Amino acid sequence: MDGKPDLRTMTKALKRGDPRVSSRAGVEIVAAVREPGLGSVEAMILDLSITGFRMRCMTRLTGEKTIFLRLPSFAALESKIWWNEGDFFGCEFLQSLHPAVYNHIISQYPSLQLTG
């Protein structure tokens, strides 16, 4: 198993009208992102799944390109930008997170937004 969802799981998600193949958790993580060959810039990771993340980044990232995400205490994770709307970006990890790593990250960095 490589951590990627199987075809049956992906098909179910698409039938529900949800293009995501794994559930997301709200987080607030100050991280660094960089394009290959360029310096790092700060980004706020807003939600995270095993397969990707959504971030807010005040820089000129555009189009579908490869970036590296560095979360505190973790090695850089190679990712691809799939969409952006202004300063918000949806990205997919090239190699999915292990479920134990995902659970550790979301327990350490829960979203501080109040619901109600």
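The dialogue below goes through the labels in turn.

Student: What makes a residue or an atom pair count here?
Tutor: The model is predicted, so local features need pLDDT of at least 70 and side-chain atom pairs count only at pLDDT 80 or more, while totals for chains, interfaces and linings use all residues. Residues are numbered from 1 along each chain as its sequence is written, and side-chain values use heavy atoms, with hydrogens and water left out.

Student: How many helices and strands does the protein chain have, and what makes a stretch one or the other?
Tutor: The protein chain has two helices and six strands. Helices are DSSP runs of H or I with at least four residues, strands are DSSP runs of E with at least two, and both are numbered from the N terminus. Read from that end, the order is α-β-β-β-β-β-β-α.

Student: Which strands does β6 pair with, and how do you know that they pair?
Tutor: Two strands pair if DSSP finds at least two bridges between them. Strand β3 (residues 52–57) is joined to strand β6 (residues 88–93) by five bridges, so the two are paired, and they run antiparallel. Within that pair, phenylalanine 53 stands opposite cysteine 91, and arginine 54 has glycine 90 as its bridge partner. Strand β5 (residues 77–85) also pairs with β6, over six bridges and in the antiparallel sense. There glutamate 85 faces phenylalanine 88.

Student: What lies between β5 and β6?
Tutor: They form a hairpin with two residues between them, and glycine 86 in the turn has a positive phi of about 65°. Another hairpin, with three residues, joins β2 to β3. Those two strands run antiparallel and share five bridges, with leucine 48 opposite phenylalanine 53.

Student: What makes the whole arrangement a barrel?
Tutor: Six strands close in the order β1-β2-β3-β6-β5-β4, with antiparallel pairing. From one strand to the next the twist averages 45°, where axes are lines fitted to C-alpha atoms (for helices, over the stretch in contact) and angles run from 0 to 180 degrees between N-to-C directions. Helix α2 (residues 99–108) packs on the sheet, touching β1 (25–34) and β2 (41–48), and its direction makes about 100° with that of β1. Touching here means contact, that is, heavy atoms within 4.5 Å.

Student: Why is aspartate 47 called buried?
Tutor: Buried means under 20% relative accessible area, exposed means over 50%, and partly exposed lies in between (1.4 Å probe, protein chains only). Aspartate 47 has a relative accessible area of 7%, so it is buried. Its place is in strand β2.

Student: Which side chains make polar contacts with the side chain of aspartate 47?
Tutor: A polar contact is a pair of N or O atoms within 3.5 Å; within protein, one must be able to donate a hydrogen and the other to accept it, and residues adjacent in sequence count only if both atoms are side-chain atoms. The side chain of arginine 24 qualifies at 3.1 Å, and that of arginine 54 at 2.9 Å.

Student: What makes a set of residues a nonpolar core, and which members of the largest one touch the most others?
Tutor: A nonpolar core is a set of buried Ala, Val, Leu, Ile, Met, Phe, Trp, Tyr and Cys residues joined through side-chain atoms within 4.5 Å. The largest has 22 residues, and Ile45, Phe53 and Met55 touch the most other members. At least two residues each come from β1, β2, β3, β4 (66–70), β6 and α2. The largest share, five residues, is supplied by β1. In soluble globular proteins, nonpolar side chains tend to be buried together.

Student: How much of the protein chain is buried?
Tutor: Buried residues make up 28% of its 116 residues.
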